Amino acid sequence: MKILHTADWHLGKKLDRFSRLEEQISVMEEIIAIADEEQVDLVLVAGDLFDNFNPAVEAVELFYKTLKRLSQNGKLPIIAISGNHDSPNLINAPDPLARECGIILIGHPKAEITPFSTEHFNISKSSEGFIEMNINTIGFPVRILHTPYANEIRLKEYFGENKEEEINKVLSQTWKELADQYCDETGINLLTAHLYMNKKGSVILEEPEGEKPIKIGNADLIYSDSIPEQIQYTALGHLHGFQNIGTKEKPVIYSSSPLCYSFSEAGQTKYVSIIHAEPGQAVSYEKKALKSGRTLVRKTFSFVEETVQWLKENPYTFIELTLESETFLTADERRLIYQSHTGIVHLIPKVKNRELNEEQSHEINLNQNIETLFKDYFKSKNGGQEANEELMKLFNEILNP
């Protein structure tokens, strides 16, 4: 069978003041097209479906429309779990209606899904944190251990009081008990979770810039050796770059976000993962690159002219722009830069440091008029940089309102 794994949609997310909704509509279309082209049998969405607990109406509408189209009106089963940006109750709310379209929404850890049937598949077994699915076109069962994100309160509620010491132990034990009871080589065995997970002894993986962090110290760090040996593929959400923290034979995959959502992701290619699986065999997977959305770029320039030229040559980008020059930007220069591009998220002017030479005095003569005194003060604080005419006009306006 074929499975599509995606995560971290963050529908409704903005980049500073810029809406990403049109890009999100485009990339959802792309994911739907990949699922159709690959003729996948199952879709896993591993959390952070929305960007916040109270998403905008447009984001909610895009979510439901995307899942309905992905499911091909109920033909293709979809399992979507909540992440640390999602409200579990919001994710759970439409579940009874969603099931009619072959969509299973799971908001809380250790949720137990009531068995049900559709025209195309059925849930034959269910337990807290586990479902077994039979798909009409597949001649073997698909078992899925599911663990949506749990915050500290939910972790204590679901997994015990001593979270720092026990979370790895409790998750490992919970998953093992489920795998030992339900998972054997007669079916496909999967785990999907929205957690901060890493291989024991590996370099700490960076969480996405600007995201709500999960890992605080090592209290919330889950190790991949907690995954039961029966699991053939683990579909993770939370980290925004595609990576396998498992092995080639038993992948543990962060599939990446569908768009670059912060400048720490600048230059990243985004993917979905297509898994090829059969009972009792090692799975294989391939990365399918996503091409939608603006490129995020961090650039540094020294001259306004070259800045404007680059901006005009690269219109479909979001840019964090640093302008390192000998003098402060004038209002006209700022206006020219912003008129040259619609995607400037940050403009960071930076005056080059000038070393004061030995002849320059570090003392300021306080017996000067206020304007000269300000010029000397400004020069002493800015590496010898002279206050420009525009700044002096502003200074005089303050002096003489």
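How many bridges pair strand 19 and strand 20, and in which sense? Strand 19 and strand 20 are joined by seven bridges in the parallel sense.

1. Basis. This is a predicted model, in which local features need pLDDT of at least 70, side-chain atom pairs count only at pLDDT 80 or more, and totals for chains, interfaces and linings use all residues. Residues are numbered from 1 along each chain as its sequence is written, and side-chain values use heavy atoms, with hydrogens and water left out.

2. Strands in the order 18-19-20 form an open sheet with parallel pairing; two strands pair if DSSP finds at least two bridges between them. Strand 18 (295–301) and strand 20 (344–351) are at the edges with a single partner strand each, so one side of each has no neighbour in the sheet. From one strand to the next the twist averages 10 degrees. Glu324 has Lys350 of strand 20 as its bridge partner. Helices (H or I, at least four residues) and strands (E, at least two) are DSSP runs, numbered from the N terminus.

3. Helices on that sheet. Helix 7 (residues 304–313) packs on the sheet and touches strand 18, strand 19 and strand 20, its direction making about 170 degrees with that of strand 19. Helix 8 (residues 331–339) also packs on the sheet, touching strand 19 and strand 20, at about 150 degrees to the direction of strand 20. Axes are lines fitted to C-alpha atoms, for helices over the stretch in contact, and angles run from 0 to 180 degrees between N-to-C directions.

4. Helix 7 against helix 8. The two pack at about 15 degrees with axes 9 Å apart, and are therefore roughly parallel to each other (angles under 35 degrees). Val304, Val308 and Leu311 of helix 7 make the contact with Glu333, Leu336 and Ile337 of helix 8; contact means heavy atoms within 4.5 Å.

5. Helix 1. The 18 residues of helix 1 (residues 21–38) should span 26 Å at 1.5 Å a residue, and the end C-alpha atoms are 26 Å apart, which agrees; the expected span is 1.5 Å times one less than the number of residues. Its buried residues include Val27, Met28, Ile31 and Ile34 (buried: under 20% relative accessible area, 1.4 Å probe, protein chains only). The buried residues pack against elements including helix 2 (57–70) and strand 19 (317–325). Gln39 follows helix 1 and has a positive phi, near 55 degrees.

6. An open sheet with mixed pairing has the order 7-8-9-10-13-15-14. Strand 7 (121–127) and strand 14 (243–244) are its edge strands, each pairing on one side only. Strand 7 and strand 8 (residues 130–135) run antiparallel, joined by six bridges. Lys125 has Glu132 of strand 8 as its bridge partner.

Technical notes
Buried means under 20% relative accessible area, exposed over 50%, partly exposed in between (1.4 Å probe, protein chains only). Angles under 35 degrees count as roughly parallel, over 145 as roughly antiparallel, 65 to 115 as roughly perpendicular and the rest as oblique.
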